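Trainee: I am new to this structure and would like to go through it step by step. May we begin with the terms and then turn to individual residues?

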Amino acid sequence: TAKYLAEFFHEGQTRADKVTPYIEHPKKVAELVQKYHGSDFCIALAWVHDILEESADKVKEHFHLTDVSSKPKFMTQMRDKWDTSFIFGLCKLSDHWDIDQFEIKEGKGKVAYLAELLIGSNADIVLVKLCDMLANIMESNGSRMSQEKRYYKAVQCLKMAERKDLDERHEELIAKIEALYYIHKS
């Protein structure tokens, strides 16, 4: 279902290169999550992690929602359509949402947003976001160093948080993000 939704909501969209179909990104993120033994919940989130920010109008129209501009309204309207914990995870992964305030983020720097997400989310959400970050870095191959630098800084914040609930999968993803950053930087 998540794969179908991603294909539906990203239909006709392309990545930054204006050539690659957008669906290739969620597909790669889902493959990484599966490779790192993420749960079915995590794999589903990987498929749909970008639909709120890339296809908000289409989501609103398809689900007959009156508003997707704030989390409380969105979650209330979606409560009967999808599992609320799934929607909460989806909202957390969208760059348009502030993690704790349930509002569209305004004025918060991207590094601060990413660090908050990585430090404040459960281990499943962190796994999906790290896979998303790694997929973006692999795709850009050093062409978006400002994005890679933000990712690098955010994972440094996560490492300093010394979370006990993260495991070797998270550590390996962090190490790959760091290594690619250094390779692309040089």
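Mentor: Buried means under 20% relative accessible area, exposed over 50%, and partly exposed in between, with a 1.4 Å probe and protein chains only. This is a predicted model, in which local features need pLDDT of at least 70 and side-chain atom pairs count only at pLDDT 80 or more, while totals for chains, interfaces and linings use all residues. Residues are numbered from 1 along each chain as its sequence is written, and side-chain values use heavy atoms, with hydrogens and water left out.

Trainee: Is His-37 buried or exposed?

Mentor: His-37 lies in the loop between α2 and α3; helices are DSSP runs (H or I, at least four residues), numbered from the N terminus. Its phi is positive, about 60 degrees, although His-37 is not a glycine. The relative accessible area of His-37 is 66%, so the residue is exposed.

Trainee: Which class of accessibility does Phe-41 have?

Mentor: Phe-41 is placed in helix α3, residues 40-48. Its C-alpha atom is separated by 9.9 Å from that of Val-128, 87 residues apart along the chain. Because its relative accessible area is 26%, Phe-41 is partly exposed.

Trainee: What kind of aromatic pair do Tyr-4 and Phe-8 form?

Mentor: Rings of Phe, Tyr and Trp (its six-membered ring) pair if their centres lie within 6.5 Å; planes under 30 degrees apart count as stacked, over 60 as edge-to-face and the rest as tilted. The structure holds five aromatic pairs. The centres of the Tyr-4 and Phe-8 rings are 6.2 Å apart and their planes are at 20 degrees, so this pair is stacked.

Trainee: Which helix holds both Tyr-4 and Phe-8?

Mentor: Ring pairs link Tyr-4, Phe-8 and Phe-9 into a cluster. Tyr-4 and Phe-8 are four residues apart, about one turn of the helix, and both lie in helix α1.

Trainee: How many residues apart in sequence are the parts tied together by Tyr-152 and Tyr-181?

Mentor: Tyr-152 and Tyr-181 form a stacked aromatic pair, 4.6 Å centre to centre with 20 degrees between the planes. Tyr-152 lies in helix α10 and Tyr-181 in helix α11, so the pair ties together parts whose separation in sequence is 29 residues.

Trainee: How far from the centre of the Phe-8 ring is the charged end of Lys-58?

Mentor: A charge sits over a ring if NZ of Lys or CZ of Arg is within 6 Å of the ring centre and within 35 degrees of the ring normal. The charged end of Lys-58 sits over the ring of Phe-8, and its distance from the centre is 4.5 Å.

Definitions and conventions. Helices (H or I, at least four residues) and strands (E, at least two) are DSSP runs, numbered from the N terminus.
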